[in-house]
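Subject: Structure handover

Hello,

Please find the structure below. My notes on it follow.

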Amino acid sequence: MELKGNVNKKKIVGVVVKDKMKKTVVIEVEKFLKHPKYNKYLKTKKSYKAHDEENVCKVGDRVLIVETRPLSKEKRWLVKEIIKKEEPMLVQEKVEENDTGEY
């Protein structure tokens with residue numbers, strides 16, 4: 001989708017937590033808010049559904065989303081760019097040898 005006149009559009013950076021829907025991803029955004037009475041910082045999380053036209057976002061990616069017109073019942077955001085791709089983690093199995101040399 002092409003953004004026209006993106007003046008005064010809200011921009012948020014978050015992490016993709018779900019990508020099972022077609023052309024839609026769920027992004028979780030963390031904010032630190034200061035409690036007015038106790039002056040303690042609290043971590044709050046909020047999730048947004050964003051439009052991903054090419055289905056390129058995967059779980060764990062850090063993305064920039066931009067406010068747009070309502071695209072569906074809950075979708076009001078558009079994935080503008082992927083800031084950081086999640087790197088797959090390699091799992092190594094630990095193999096121990098017996099005294100006979102067999103595995």
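**The E1-E2 hairpin**

E1 and E2 form a hairpin with 5 residues between them, and lysine 23 in the turn has a positive phi of about 55°. Strands here are DSSP runs (E) of at least two residues, and helices are runs (H or I) of at least four, numbered from the N terminus. Two strands pair if DSSP finds at least two bridges between them.

This is a predicted model, in which local features need pLDDT of at least 70 and side-chain atom pairs count only at pLDDT 80 or more, while totals for chains, interfaces and linings use all residues. Residues are numbered from 1 along each chain as its sequence is written, and side-chain values use heavy atoms, with hydrogens and water left out.

The pairing of E1 and E2 is antiparallel, over 3 bridges. Valine 16 stands opposite isoleucine 27 in E2. The loop that holds lysine 23 runs between strand E1 (11-18) and strand E2 (24-34). Lysine 23 is partly exposed, with a relative accessible area of 36%; buried means under 20% relative accessible area, exposed over 50%, and partly exposed in between (1.4 Å probe, protein chains only).

**Confidence**

The protein has an average pLDDT of 88, and 85% of the residues score at least 70. pLDDT is the predictor's confidence in each residue, from 0 to 100. Confidence is lowest in E5, at a mean of 95, and highest in E3, at 97. Where pLDDT is low, the predicted coordinates should not be read in detail.

**The barrel**

In what order do the strands close into a barrel? The order is E1-E2-E3-E5-E4, with 5 strands and mixed pairing. Neighbouring strands of this sheet are turned by 45° against each other on average, direction ignored. For such angles, axes are lines fitted to C-alpha atoms (for helices over the stretch in contact), and angles run from 0 to 180 degrees between N-to-C directions.

E1 also pairs with E4, in the antiparallel sense and over 5 bridges. Lysine 11 stands opposite valine 66 in E4. E3 and strand E5 (residues 77-84) pair in the parallel sense, over 2 bridges. Tryptophan 77 in E5 is the bridge partner of alanine 50.

**Tyrosine 48 and tryptophan 77**

The aromatic pairs come to a count of 1. The pair is tyrosine 48 with tryptophan 77, edge-to-face, at 5.2 Å centre to centre and 65° between the planes. The rule is that rings of Phe, Tyr and Trp (its six-membered ring) pair if their centres lie within 6.5 Å; planes under 30 degrees apart count as stacked, over 60 as edge-to-face and the rest as tilted. This pair links distant parts of the chain, with tyrosine 48 in strand E3 and tryptophan 77 in strand E5, 29 residues apart.

Are these two residues buried or exposed? Tyrosine 48 is buried at a relative accessible area of 13%, and tryptophan 77 is buried at 10%. Leaving aside neighbours within four places in sequence, tyrosine 48 is in contact (heavy atoms within 4.5 Å) with Ile12, Val25, Val26, Ile27, Val29, Ile65 and Trp77. Tyrosine 48 and arginine 76 are 28 residues apart in sequence and 8.2 Å apart in space, C-alpha to C-alpha.

Threonine 24 belongs to strand E2 and is buried, with a relative accessible area of 7%. Not counting residues up to four places away in sequence, threonine 24 touches Asp19, Lys49, Ala50, Asp52, Asn55 and Lys75. Its side chain is joined to that of lysine 75 by a polar contact of 3.0 Å. A polar contact is a pair of N or O atoms within 3.5 Å; within protein, one must be able to donate a hydrogen and the other to accept it, and residues adjacent in sequence count only if both atoms are side-chain atoms.

Threonine 24 and asparagine 55 are 31 residues apart in sequence and 7.5 Å apart in space, C-alpha to C-alpha. Asparagine 55 sits in the loop between strand E3 (41-51) and strand E4 (62-67), and at 38% relative accessibility counts as partly exposed. Asparagine 55 has a positive phi of about 55° although it is not a glycine. Most residues other than glycine have a negative phi.

Histidine 51, in strand E3, counts as buried at 9% relative accessibility. The side chain of histidine 51 makes a polar contact of 2.7 Å with the side chain of glutamate 53.

Regards
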